[in-house]
Amino acid sequence: MKQEYIISAYSENHIGLLNRITIIFTRRKVNIESLTVSESALKGISKFTIVVNETKDKVSNIVKQIDKQIEVLKAFYHTNEEMIFQEIALYKVPTAPLMESDQIEKLIRKHNARILEITPEYTVIEKTGHKEETQELFNGLNPFGVLQFIRSGRIAITRSPIEKLSEFLKERDALLAKIESKGKISKV
Amino acid sequence: MTTKEKETKRSQQQDVEITGSEAVIRSLIAEGAEVIFGYPGGAIMPVYDALYDYRNALRHILTRHEQGAVHAAQGYARVTGKVGVCIATSGPGATNLMTGIADAQIDSTPLVCITGQVTSGLLGTDAFQESDVVGLSMPVTKWNFQITTPEDIPEAIAKAFYIAASGRPGPVLLDITKDAQFGKLKYKYAKCHKIRSYVPEYPVNKEKLAEAATLINEAKKPFLIFGQGIMLGEAERELKGFIDKTGIPAAWTLLGLSALNSDHPLNVGMLGMHGNYGPNIKTNECDLLIAVGMRFDDRVTGTLKTYAKQAKIIHIEIDPAEINKNVKTDVALLGDAKKILRLLTHIVSPNKHKEWVKEFKQAHAIEDKKVIQSDLYPKKPGLTMGEVVRRVSEYTKNKAVIVSDVGQHQMATARYSKFTQPRSHITSGGLGTMGYGLPAAIGAKLGEPNREVVVFAGDGGFQMTIQELGTIAQEKLGVKMVILNNHFLGMVRQWQELFFEKRYSFTEILSPDFVKVADAYGIPGNHVSDRDKLDDAIKVMFETEGPYLLEVNIEKDDNVFPMVPAGASVSDILLSPEDATK
């Protein structure tokens, strides 16, 4: 059964790796619903967050293929329930209706949104939340004429266990040292 | 001191200022490369210029096409177990490598491919002979990297060799811009032993090992199937030790061939589409399937819906991405086949499985009667591929390196040549690349100069890389070429006959007189069409020093059987065309 999964991957921040990862999806004709890449807590290590709507078997195989890429440190996947996730949306609306009535102000309060900038012509509103929530505010604002709207990809953190990248790197070092000491890696 | 020794010694000087291109050559020598294959061109000229000063320490083989260079590097890697190296220029030179790189990726062949690239300032400007080689090769390489500064060259080459050879091997491509080749650096070489984001193999899990041993000890009808992983992991002795102790019959995939002596009493033959009868039907009768260093390719499994559903499955595999990819396993043993088989052999109980092994013998007797006898000892006048292959193999006392191209003759070669030592059967498995055979044989001969190297090719595939006769002539390589000519693209013709109502759409192929073509290169050869002249023709081929081309006229409408039709179950294997029409 297809459902939404959040794929996360830590990688070296190297040119071309994004392409290496996305072609894994392309080759299997799997659509990416959202994709976010940014620097993690550690300098030089990037974090990918990719949302797909797929079966568990397919997601599991894709994650193994991502993990197999030389410059990927670790890849894993979770269901939405296993993660806390968030998106951000920006809305540009004309300033006039904001001045004329309190309807927009009420919407902003109701949706826990905030105003980033007001000019005589337009106002920029920011809202964080799940896709349904940012969409709901869009639907509320639309009658006043949304001039521009943009939604980010998803970012997510696991509910448990605590994700400690620096500890993972230490464990990885120990694992590699173990393999290295046993020899027979290079046959050249 | 010989010139070669002088060059090698010079290549080892550290902390000296040299050009990026000289660093390329020195790094290759530092990695133990002895033979490389390539074709020069504009963007790689600085590297070729540097090579001129090391041409004795690093033997370069000029092929006639870059595809020839990469396949030759593959053949070299497959017989030696070393990393194969090939070099090409930018643009068309690099794109011509792609078929071989894709082939090496799917067949886990360790390669380092070096391509020249336009000067870094011109990247992305559609400069002359510019193409996005890193982008193009990304889906078919284990790793690739573009070098734009000379200082990065030694480290990138060290990484390339480490990645290509470790874990599950594969092809790596380095794209080096011309300014990086021309620029200077202070050269210092250190081999790569570790990359933090890359785990080449996982340590053996002792609990899983014990679980596997229990399954093996309890099984009544255990069956072992193995692939190239045995040879890549140098686990041939461990495999033999394991089956000798447990009495478990073993069958091989196309790429696993030659890992186990052909005459070993527990070697029950080939798996898959044109494999042997017993291994295919017994896959669906065994109670335990132990898969080692193989990836359950569709040509091996047939339809997965009915594949070994009755059996427990143990998968011994170095690549985590292969576990549960096609076939769900009960116990996955991740890691190196050599270590796992050694540990497993220690803890399993000795056994014989006499009755079970007998079942394979009975299945073999059926196949022998219905297929093998008429392939090897035909009553009709025309020669068969099977008898030619067997005669050649026997002449070499089953000691030759046997290379094949792709198609009907490839299946005949796998079925009827015999092997007494590993890394002796070289063919394109996963990608099925026609044109692979001749250049791969060049690489194989350079890797094993003291052994006989025979390439079997069809009349179709041979013409795809026929230009490499020039390489054989120039380098005076003693490759023995046997063309099994049935005047058709035989495998496609067979499918047309069986599954496309004998509509022979564009499979009849006109070929030149191959012996005359060879003669034009100064390569001796002969034709043979009659059974009573075959043995003599083979004898003359092997007694002639250097290269030789033997063109054998084969019966036109011969088909390869047994056959598991595409999408069918392995237990529905057909033994004759009559079976197909039933």
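**Group meeting talk: a two-chain predicted model**

Okay, let's start with one residue: K379(B) sits in the loop between α16 (354–376) and α17 of chain B. Helices here are DSSP runs of H or I with at least four residues, strands are runs of E with at least two, and both are numbered from the N terminus. Is K379(B) buried or exposed? It counts as exposed, because it has 6 C-beta neighbours inside 10 Å. The rule is that a residue is buried if 20 or more other C-beta atoms lie within 10 Å of its own, exposed if 12 or fewer, and partly exposed in between, with C-beta atoms placed from the backbone. And how far is K379(B) from F499(B)? Their C-alpha atoms are separated by 27 Å, and the two are 120 residues apart along the chain.

Quick housekeeping. This is a predicted model, where local features need pLDDT of at least 70 and side-chain atom pairs count only at pLDDT 80 or more, while totals for chains, interfaces and linings use all residues. Residues are numbered from 1 along each chain as its sequence is written, and chains are lettered from A and ligands numbered from 1 in the order in which they are written. pLDDT is the predictor's confidence in each residue, from 0 to 100; chain B has a mean of 97, with 99% of its residues at 70 or more. For the model, ipTM is 0.93 and pTM is 0.96.

Now, how is chain B divided? Into domain 1 (3–187), domain 2 (206–359) and domain 3 (381–554), with bounds from an automatic or database domain assignment. The C-alpha centres of domain 1 of chain B and domain 2 of chain B are 37 Å apart. Five residues from domain 1 of chain B and five residues from domain 2 of chain B make the contact, and contact means that the C-beta atoms of two residues, placed from the backbone, lie within 7 Å.

Inside chain B, let's look at A94(B), which belongs to helix α5 (residues 92–95) of chain B. A94(B) is buried, because 30 other C-beta atoms lie within 10 Å. Leaving out residues up to four places away in sequence, A94(B) touches A88(B), T115(B), S131(B) and V133(B). From A94(B) to L271(B), the C-alpha atoms are separated by 35 Å, across 177 residues along the chain.

On to the sheet in chain B. Six strands form an open sheet, in the order β16-β15-β17-β18-β20-β19 (chain B), and the pairing is parallel. Which strands are at the edges? β16 (425–426) and β19 (525–528) of chain B, each pairing on one side only. Two strands pair, by the way, if DSSP finds at least two bridges between them. Strand β18 (residues 479–485) of chain B and strand β20 (residues 548–553) of chain B run parallel, joined by six bridges, and N485(B) stands opposite N553(B) in β20(B).

Over to chain A, which has domain 1 (3–83 + 156–181) and domain 2 (86–151). The C-alpha centres of domain 1 of chain A and domain 2 of chain A lie 33 Å apart. My pick here is strand β3 (residues 45–54) of chain A, with eight of its ten residues buried, so it is largely enclosed by the rest of the structure. Strand β1 (residues 3–12) of chain A pairs with β3(A) in the antiparallel sense over ten bridges. Strand β2 (residues 32–39) of chain A also pairs with β3(A) in the antiparallel sense, over seven bridges. Take V52(A) in β3(A): it is the bridge partner of Y5(A), and also of I32(A). β2(A) and β3(A) make a hairpin with five residues between them, and G44(A) in the turn has a positive phi of about 85°.

Last stop, where the chains meet. How many residues of chain B are in contact with chain A? It's 29, against 27 residues of chain A. α8(B) gives the largest share of the chain B side, four residues.
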